[in-house]
Amino acid sequence: MERRLIVSSIFLVLLVVADAGSIGVNYGRVANNLPSAVKVVQLLKSQGLDRVKVYDTDPAVLRALSGTGIKVTVDLPNERLFAAAKSLSFALSWVERNVAAYHPHTQIEAIAVGNEVFVDPHNTTKFLVPAMKNIHQALVKYNLHSDIKVSSPIALSALGNSYPSSAGSFRPDLVAPVFKPMLDFLHQTGSYLMVNVYPFFAYETNSDVISLDYALFRENPGVVDPGNGLRYFNLFDAQIDAVFAALNALKYQDMKVVVTETGWPSWGDENEVGASVENAAAYNGNLIRKILTGGGTPLRPQADLTVYVFALFNENQKPGPTSERNFGLFYPDQKKVYDIPFTAEGLKDYHDRSSPSPVSGGQTHETPSPAPLKGGGGVSKSTTANTWCVANADAGEEKLQKAIDYACGEGGADCRPIQRGATCYDPNTLVAHASFAFNSYYQKKARAGGSCYFGGAAYAVTQQPKFGNCEYPTGY
């Protein structure tokens, strides 16, 4: 997730449905009360799920999956990118120990190299493509390259422009050094682009202008894209089509996209607008209906998307806002947080209890809609109820400092006012400086969903912050 620099192990489960898209669910392990891997595999099978993505290569997990018929995607963590990029021998050894040693009894089908590398404060971006190439070369040595794909999940902030969706484009600073070589690699190896999208974060920070029905796939008048005339009935489609448009702009019209993370929390802090059991059930239930019934997007109506829902369990040890610990579909005792189906068979008797007519998306060239939503993936930068981004003092000095380093560096925030002697240097505290840097980044990103997160080190507020004589800007 873009709100999160997740370094923990996470599973993602995927159900394949003929002639339609595929639905998966993340299974995170940042908790001290979860069932064993063996019991989790039994739960997955009981729900009709037959694909899993693991964000590490934990032996207990891979052994539990052995012989189950569940297909697995494993992950090379961000902290290993440097070694994998600089040393082919490391990549060979890693693949031998963590992939070849288990495949094919554990049916590994893909390797995710890193996760949301472009928002990693450790500046690992330059190592991404070389690491992907070395991992693939290692697969070739073990004759596994035909069975196992290599990719890397990106956050939506990798887009430099996402509104309107038709104008979607990748960040200019990443195109030549990263995206072109990465997309060339994915094309040459027959792989796909992994993308994490969260309409929840867009709605949370722009609820004054985004319709809740639009965010939850419910019936609504839709929003017309002024660039191509297509009408959007949900924010998810708008975000995905911004990615497709960015790929089209670089001449990768045939590149497949897999949505590796999306979801909605069932509980959150007071300022986390929209976090509730009812909304989580509606978002995930209506999303599953859309995907399993063959719903593409307005720009690519025939695209049978593979989508992973975040997450399998509520995880009690995750840092950050309350929502971070409440994205689960199940409690740790394996009881459902809310009842939604995961299979096409289960959808036969499913209805969004709060809206009997969910909209699965579509396209038209009819009369104009209400004012289009602006910003990331259809998110509006409000002119009536502004929001600002401030530091979470409970995040700890180390996390805050790393987040400042990213915001003022790769993130492109304007941090000149907090330099010694400048207008916002005082008060000279880590929280005050972090808040200014985070807000600068947030406003420069047009308050796009997930841009006020920094791994749980920040959150959005509706009152303009003021530290000393320093007032925070509303936008740029």
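Let's start with burial: a residue is buried when its relative accessible area is under 20%, exposed when over 50%, and partly exposed in between (1.4 Å probe, protein chains only). At 17% relative accessibility, then, His103 is buried. Keep in mind that this is a predicted model, where local features need pLDDT of at least 70, side-chain atom pairs count only at pLDDT 80 or more, and totals for chains, interfaces and linings use all residues. Residues are numbered from 1 along each chain as its sequence is written, and side-chain values use heavy atoms, with hydrogens and water left out.

So where does His103 sit? Look in the loop between helix H4 (88-100) and strand E5 (107-113); helices (H or I, at least four residues) and strands (E, at least two) are DSSP runs numbered from the N terminus. Leaving aside residues up to four places away in sequence, His103 touches Ile108, Leu144, Asp147 and Ile148, contact being heavy atoms within 4.5 Å. A polar atom of the His103 side chain lies 3.3 Å from the backbone nitrogen of Ile108.

Now for the charged pairs. There are twelve salt bridges in the structure, each a side-chain nitrogen of Lys or Arg within 4 Å of a carboxyl oxygen of Asp or Glu. In one of them, Arg218 pairs with Asp352, with the closest N and O atoms 2.9 Å apart. Both Arg218 and Asp352 are buried. Another joins Asp56 to Arg29 at 2.8 Å between the closest N and O atoms. Because Asp56 and Arg29 lie in separate loops, this pair ties together parts that are 27 residues apart in sequence. Asp56 is buried at 15%, whereas Arg29 is partly exposed at 26%.

Definitions and conventions. Polar contact = N/O pair within 3.5 Å; in protein donor to acceptor, adjacent residues only side chain to side chain.
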